[in-house]
Each structure stands twice: as structure tokens, then as C-alpha cells.
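Subject: Structure for your review

Dear colleague,

Please find below the sequence and structure that I am handing over to you. My findings follow directly after them.

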Amino acid sequence: MIIGGGPAGYEAALVAAQLDADVTVVEADGAGGACVLHDCVPSKTFIASSDVVTNYRDTEEFGIHSDGLEAITVDGPAVHSRVKRLALAQSGDIHAKLVKAGVTLVKGTARLGEDTLGHTHRVRVRPDEGDGEYAIDAGTVLIATGATPRRLPTAVPDGERILTWRQVYDLPKLPEHLIVIGSGVTGAEFASAYLAMGIPVTLVSSRDRVMPHEDADAAMAIERVFRARGMTILNNSRADAVKRIGDGVEVTLADGRVVTGSHALMAVGSIPNTADLGLTEYGVAVGPGGYVTVDRVSRTNVPGVYAAGDCTGVLPLASVAAMQGRIAMWHALGEAVAPLRLRTVAANVFTDPELATVGVSQADVDSGKVPARQVMLPLAGNARAKMAGLDDGFVKLFCRPASGIVVGGVVVAPRASELIMPITMAVENHMTVNQLAHTITIYPSLTGSLAEAARQLMQHELE
């Protein structure tokens with residue numbers, strides 16, 4: 001029994017079905033859950049539209065003459081329509097895959113009922129259609145209910161001027177001036193996309209830089225790009241309240257300053273969807289903030305009850321959610337399984353340029369928590385980057401001081417989400433900088449900088 005059909009739920013269902021289990025998935029929104037229908041897939045599709053506009057930037061440098069960005073118009077409703085259409089198509093593909101695997105899909109909600117025989121868990125299912133609530137007894141239950149945008153009492157979204165990131169695609173037109181509250185990953189991604197579309201953007205950041213939990217060099221490089229392209233960034237500025245004023249919004253900061261715009265986007269984090277699952281009554285341990293407590297094979301404290309994805313608070317990435325779900329089923333159904341290893345998980349921020357990371361962080365190294373040598377190469381010295389006019393970005397590589405084993409890396413570049421893969425493979429497979437350095441790369445290519453960074457670390461090692 002799987003409650004939630006997002007990446008954690010549907011990937012778990014496919015594994016369980018492959019292992020001949022009788023699988024039922026209960027999902028309120030549709031196959032793929034909020035990730036596919038409202039969050040990750042829609043936001044990245046929206047960003048893809050902004051990337052098209054970005055390609056028209058500074059064309060004169062390449063000998064291509066045009067009227068520049070001023071001549072480009074972005075049809076907001078058309079962009080939003082494409083976002084929704086592709087999200088529904090992706091959901092449909094997942095639905096078809098689950099049905100083909102023999103999974104039973106129920107559109108509705110569910111909660112834990114009672115422990116019937118000490119090893120069977122009764123789940124109360126309330127379908128959107130039908131004769132009301134009914135019970136399903138399951139030997140294994142997976143909680144995969146995800147999370148929802150956090151709402152502040154002093155900045156209540158109305159879906160028209162004060163928005164969560166799930167509501168932007170319902171706007172009849174693009175904002176005239178967008179104020180983004182929150183400079184974490186979500187806030188930075190939307191601020192970057194709207195800025196690329198030619199929308200004036202003010203980013204309110206409560207910390208001294210955007211994306212405070214990311215690599216400092218990378219975050220500052222992206223902030224410099226944001227400012228150079230005209231974004232207004234208010235660092236060390238906390239928003240106390242957001243209210244609608246006529247055809248616009250008024251944001252009051254903690255220091256008394258007032259910022260006005262046409263729309264405000266609230267990007268102040270998420271809260272887990274665990275309140276109505278009957279977890280506490282059932283005895284499932286829930287930690288601070290409502291996150292379900294799990295171990296590295298996705299077990300809760302109740303035998304036979306597992307949890308995966310954003311409702312666990314382990315790492316809010318679709319890739320991690322999917323792996324947590326798979327691990328849960330492999331473990332529950334008796335397959336050999338390795339515990340979740342977060343050190344080998346690559347993450348990406350879909351700003352322009354993108355920011356990708358894997359393995360140990362600069363903070364780990366600087367604090368002495370992880371001994372490592374490092375090198376950072378600006379992309380400006382890369383031949384392919386010169387051809388593409390890429391002045392911003394870099395490659396950073398970390399390795400063990402003695403053995404030279406690659407333990408982490410950072411990439412700031414267009415399509416950093418693709419460039420991080422060689423570093424991720426190196427970290428996962430305990431490769432050394434010598435092995436990476438002796439790998440022949442395409443010339444010219446951005447991946448050449450990865451091999452060059454490894455060569456510099458190898459040279460340092462020989463010295």
C-alpha cells in the first residue's frame with residue numbers, strides 16, 4: 001500500500017510490482033503527484049521557455065545583428081499552457097506505465113487505520129469517487145505524501161497577486177514587476193527565469209547572499225550575473241508582511257522599508273503533508289516540523305511502515321525521493337539493498353547559469369570536517385566557453401590529500417546538470433584525479449575543464 005504517487009511513490013510501486021507484489025497507490029492529484037503536476041516538472045518547463053530568450057542575449061558579439069531582447073515578446077498564457085500540457089502528458093505517461101505494471105491506482109486520499117494482526121496494517125482509503133471510505137489491509141505501507149508550499153500568516157497567497165510557485169501558471173499574463181520573497185533554490189530559479197523573460201525582478205533575501213546553503217563561490221557568481229542583468233537583490237532583508245494594494249503588492253521589510261511591485265512570489269520553503277495521515281495515533285515517530293523519521297533504508301519505527309520523499313525531510317530532491325522509495329520496496333520485499341548514500345547525490349539549481357554540486361562541500365573542507373585538496377578553474381579559460389561567449393562560471397574539484405580520490409565537485413555553467421555527471425561517477429566509484437586526468441575528453445568541450453582540474457590536482461600530488 002503506497003500513499004502518494006509522486007517520484008517516491010510511483011518508483012516504489014514499479015519496483016514492488018516487478019517483485020510480484022500486489023500494489024495499490026492512492027494519490028490525490030494524479031500519477032506523478034505534485035512533483036510532476038505542480039512543482040518540479042512545471043517549473044523546469046517554465047525555465048526552458050526563459051532559456052530560449054536567453055539565447056538571444058548579446059548576439060552582436062557573434063556577428064549576429066538583431067533588435068536584441070527588446071524585440072522579443074513572451075506570451076505568458078502560451079507559456080503557461082505549454083507548462084500545464086507537458087505536466088499532464090508526463091503524468092499520463094507515468095499512469096500508463098503503472099497500469100502496464102499491474103499497479104492499482106486510486107484517486108483520493110488515505111490514512112493509517114489500525115494494526116489488525118500485529119503484522120498487517122489497515123489503511124483507510126477515501127476515493128474521490130465511489131461509495132465512501134473503505135479499508136485495505138497491507139503487509140507493507142509506504143508513506144510518500146510529499147510537501148506543500150509554506151504559507152505565512154502575514155503573507156497569505158490569494159492566487160492573483162500574492163502567489164505560491166504552484167499558482168504562477170494560472171496568471172492571465174506575466175507580472176509587470178515581480179517581487180520574490182525567499183532566495184533559496186526555488187526563489188532563485190523563478191527570479192532567474194522571470195528576469196530572462198524581461199520582467200523586472202526584486203529578490204528579497206534574508207541572508208547576506210542568495211542561495212545561502214549552496215557553495216559560496218557558486219552562489220556569489222550567480223548573484224553577480226543576476227545583478228549584471230538588472231535584478232534588484234535586497235540582501236539581509238527579511239519580509240515581515242505582504243499585502244495586496246489595488247493592482248499591486250506591498251512588501252514590508254523587517255527594517256521598515258516598503259517594496260512595491262505588481263506581484264509577489266512566496267518561496268519560503270515547504271511543509272510535509274503528514275498532518276492527516278493518522279501517524280501519531282498509529283505510533284509512527286514524527287520529528288520536528290512534521291517530517292516522518294526514517295533510517296537509511298526508509299524504515300519508520302513501526303515494522304512494515306516505510307516513508308520516502310519530501311515528507312521525510314531527508315533531501316528534497318525528486319531523485320532522492322525515487323531512490324528512497326525503491327530502497328523501501330527492495331528492503332521490505334527481501335531483496336539485497338544498499339542504504340541510501342547522500343554523499344553521492346548530485347543536486348542542481350536551474351538558474352542561468354546552472355549550479356550543480358556533488359559530494360563534500362566547500363564548507364566541509366573549510367571547517368576541517370573533511371580533509372581535501374581542491375582546485376577551481378574559471379570557464380573563461382576554456383576554448384569551448386570562449387566560442388560560446390561564456391564569461392561566467394567555473395569548475396571546482398575536491399580530492400583526498402594523499403590518495404587523490406575524488407570526493408566532490410561544483411560546476412557553474414550552462415547545463416551544469418549534465419556536466420556534473422562525470423564528477424558524480426568519479427565520487428560514486430572512488431576514482432582518483434589521476435584516472436580522471438587520463439580520460440581523453442573532446443576538444444573543444446566544457447568537460448575539458450574537468451580533466452584539466454584533475455590534471456592540476458594530480459600535478460600538485462606529484463609535487
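This is a predicted model: local features need pLDDT of at least 70, side-chain atom pairs count only at pLDDT 80 or more; totals for chains, interfaces and linings use all residues.

The lining of the second largest pocket is made up of 12 nonpolar, six polar and 13 charged residues. The space in the second largest pocket comes to about 850 Å³. Its lining consists of 31 residues, and those nearest the centre are Thr 54, Arg 229, Asp 352, Leu 390 and Pro 414. Two or more lining residues come from each of α3, α6 (216-228) and α11 (416-428). Of the elements, α3 contributes the most to this lining, with five residues.

Across the whole structure, one cavity of 30 Å³ or more was found. The largest cavity holds about 30 Å³ of space. Its lining is formed by Ile 47, Ser 50, Asp 51, Thr 54, Glu 189, Ser 192, Ala 193, Ala 196, Phe 350, Thr 351 and Asp 352. The elements that supply two or more residues to this lining are α3 (40-54) and α5 (185-196). By type, the lining of the largest cavity comprises four nonpolar, four polar and three charged residues.

Thr 54 deserves a separate paragraph. This residue lies in helix α3. Thr 54 is found in the lining of the largest cavity, and Thr 54 is also among the residues nearest the centre of the second largest pocket. Is Thr 54 buried or exposed? Its relative accessibility is 15%, and a residue under 20% is classed as buried, so Thr 54 counts as buried. When neighbours within four places in sequence are set aside, Thr 54 is in contact with Ala 196 and Asp 352.

Two other regions may be of interest. Over residues 346-453, the chain is 32% helix and 27% strand, with 19 Å between the end C-alpha atoms.

Strand β4 (residues 121-127) and strand β5 (residues 134-138) run antiparallel and are joined by five bridges. Within this pairing, His 121 has Ala 138 of β5 as its bridge partner.

Yours sincerely,
A colleague

Conventions. Residues are numbered from 1 along each chain as its sequence is written. Side-chain values use heavy atoms; hydrogens and water are left out. On a 1 Å grid over the protein atoms alone, a cavity is a set of points where a 1.4 Å probe fits but cannot get out, and a pocket is an open set with protein on both sides within 12 Å along at least five of seven lines; lining residues have an atom within 4 Å of a point. Grid points are joined across faces, edges and corners, and a volume is the space filled by probe spheres set on the points. Helices (H or I, at least four residues) and strands (E, at least two) are DSSP runs, numbered from the N terminus. Ala, Val, Leu, Ile, Met, Phe, Trp, Tyr, Cys and Pro count as nonpolar, Asp, Glu, Lys and Arg as charged, and the others, Gly among them, as polar. Buried means under 20% relative accessible area, exposed over 50%, partly exposed in between (1.4 Å probe, protein chains only). Contact means heavy atoms within 4.5 Å. Two strands pair if DSSP finds at least two bridges between them.
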